[in-house]
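Here are my notes on this model. Please keep the structure open while you read, and check each point against it.

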Amino acid sequence: MSGSQTEGVAQPLIAVVDDDVSFLRSLGRLFRSVGYAVASFSSGREFLSSLGTSTPACVVLDVQMPEMNGFEVLERLASLGLCLPVILITAHDTPQFRERAHRAETAGLLIKPFDGESLLASVHRTLELYTT
């Protein structure tokens, strides 16, 4: 999957990985409403298997998912030698979680529930830092 075209300019591809399908759809609509291309994945495995065909400019990654949690996805990305900017999202905020997220050198961290403006600001900031 590649970025969409707006007046001949490729838009950044945002990958959203979350096992909550309604939340996944909501984030997809939010990103598309401001002109981003979006690839949505309901599991870490599904996201990782997509990397052979597309590389997102930013990943919004839920931590609490069955089968493979967000930290396991980060470890797999590292083992593949991929350095993608990742914004972690979670509803389970603890000091241990924050420390682990910090050690993983993620681009950002948002605690659910968060508003759309906060998420968009975090993605925009991440894209400015990692794509310039």
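1. Start with the cysteines. The sulfur of Cys58 has its closest cysteine sulfur in Cys83, 12 Å away, so the two are too far apart for a bond. A disulfide is a covalent bond between the sulfur atoms of two cysteines. The cut-off here is a pair of cysteine sulfur atoms within 2.5 Å. By this rule there are zero disulfides.

2. Are these cysteines buried or exposed? Cys58 is buried, at 0% relative accessibility. Cys83 is exposed, at 74%. Buried means under 20% relative accessible area, exposed over 50%, and partly exposed in between (1.4 Å probe, protein chains only).

3. A word on the source. This is a predicted model: local features need pLDDT of at least 70, side-chain atom pairs count only at pLDDT 80 or more, and totals for chains, interfaces and linings use all residues. Residues are numbered from 1 along each chain as its sequence is written, and side-chain values use heavy atoms, with hydrogens and water left out.

4. Look at helix 1 (residues 21-33). Helices (H or I, at least four residues) and strands (E, at least two) are DSSP runs, numbered from the N terminus. Leu24, Leu27, Gly28 and Phe31 are buried in helix 1. They sit on the same side of helix 1, because they cover an arc of only 105° around the axis. That arc is taken from the directions from the helix axis to the C-beta atoms. An α-helix has 3.6 residues a turn, so residues three or four places apart point the same way.

5. Now turn to the other face. Arg25, Arg29 and Ser33 are exposed there, turned away from the buried side of helix 1. The buried residues pack against several elements, including strand 4 (37-41) and helix 5 (116-130). Just after helix 1, Gly35 has a positive phi of about 95°.

6. Next, the largest nonpolar core. It has 23 residues. Such a core is a set of buried Ala, Val, Leu, Ile, Met, Phe, Trp, Tyr and Cys residues joined through side-chain atoms within 4.5 Å. Phe47, Val59, Leu61, Leu77 and Leu88 have the most contacts inside this core. Helix 3 gives the most to it, with four residues.

7. Finally, Leu77. This residue lies in helix 3 (residues 70-79). Leu77 is buried, with a relative accessible area of 3%. Beyond its neighbours within four places in sequence, its contacts (heavy atoms within 4.5 Å) include Phe47, Leu51 and Val86.
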